[in-house]
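Reader: I'm new to this one and would like to learn how to read it. Could you walk me through a few features?

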Amino acid sequence: MPPRFRRPLAAVLAVAASVLLLTACAPTVAMQPAADANSPRCADVIVHLPDSIAGKAQRETNAQATSAWGDPAVVLLRCGVSPIGPTTKPCITVNGVDWVLENDPAASALRYITFGRTPATEVVIQHGKGGVADASVLPALADAIGEIPQQKNEKCLGTSDVTSPTGTPTPTPTSTATQSG
């Protein structure tokens, strides 16, 4: 090999070795894609995800329409899961996105699924030591999840929104404010 090519080749090999060493330090998070992960709507969600959540950096995953944050991962997201129908499980609305809590609220990792959006998105949030709070995760995802439109007439309902079997609305306490002046 002529001497004029040795130096550039050595530089290219050094850079390639550095890249390999750096990627070995940041392993990819292994995940399974959801059944409808190839939906164009999931692609819209993925490209709008935040780079960090609750101070945890976004990481590379090995499955389509997925994401993870933290090292070790404390937030996992999969777009393309099957939408859920009406349920008696807890449902909350955060920044315009309805989420159904799928497991025991006392569990160390909580699993939420969007309600009223097709395809649905699943988020698993690790609590406890090193984990993060739902209140810092769900609002951070709202803009990205909002890329999948809310279906008409599919919203979270509270007990005050539901009528009793007799057709009479269930009474709920109301407060009245009086102004003195």
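Author: Let's go through the disulfide, the aromatic pair and the strand pairings in turn. Keep in mind that this is a predicted model.

Reader: How many disulfides does the structure hold?

Author: First the general idea: a disulfide is a covalent bond between the sulfur atoms of two cysteines. Here, the structure holds one. The bond runs between Cys 42 and Cys 79, with 2.2 Å from S to S.

Reader: Which parts does the pair of Cys 42 and Cys 79 tie together?

Author: Cys 42 sits in helix 2 (residues 40-47) and Cys 79 in strand 4 (residues 75-81), so the pair links parts that are 37 residues apart in sequence.

Reader: And why is the disulfide left-handed?

Author: Look at the torsion about the S-S bond of Cys 42 and Cys 79: its value is about -80°, so the disulfide counts as left-handed.

Reader: Is Cys 42 buried or exposed?

Author: Buried counts as under 20% relative accessible area. Cys 42 has 0%, so Cys 42 is buried. Cys 79 is also at 0% relative accessibility, and therefore counts as buried.

Reader: OK, on to the rings. How many aromatic pairs does a search of the whole structure find?

Author: In general, you describe a pair of aromatic rings by the distance of the centres and the angle of the planes. In this structure the search turns up one pair. Trp 99 and Tyr 112 form that pair, with 6.4 Å centre to centre and 80° between the planes, an edge-to-face arrangement.

Reader: Where do Trp 99 and Tyr 112 lie?

Author: Trp 99 belongs to strand 6 (residues 97-101) and Tyr 112 to strand 7 (residues 109-114), so the pair ties together parts 13 residues apart in sequence. Both Trp 99 and Tyr 112 are buried.

Reader: What about strand 2 and strand 3?

Author: Strand 2 pairs with strand 3 (residues 66-69) in the antiparallel sense, over two bridges. Arg 59 has Ala 68 in strand 3 as its bridge partner. This hairpin has six residues between strand 2 and strand 3, and Ala 65 in the turn shows a positive phi of about 60°.

Terms used
Residues numbered from 1 in each chain as written. Predicted model: local features only at pLDDT ≥ 70, side-chain atom pairs only at ≥ 80, totals over all residues. Heavy atoms only, no water. Disulfide = S-S within 2.5 Å. Helix = DSSP H or I, 4+ residues; strand = E, 2+ residues; numbered from the N terminus. Buried < 20%, exposed > 50% of the residue type's maximum accessible area, 1.4 Å probe, protein only. Phe/Tyr/Trp six-rings, centres within 6.5 Å; stacked < 30°, edge-to-face > 60°. Pairing = 2+ DSSP bridges.
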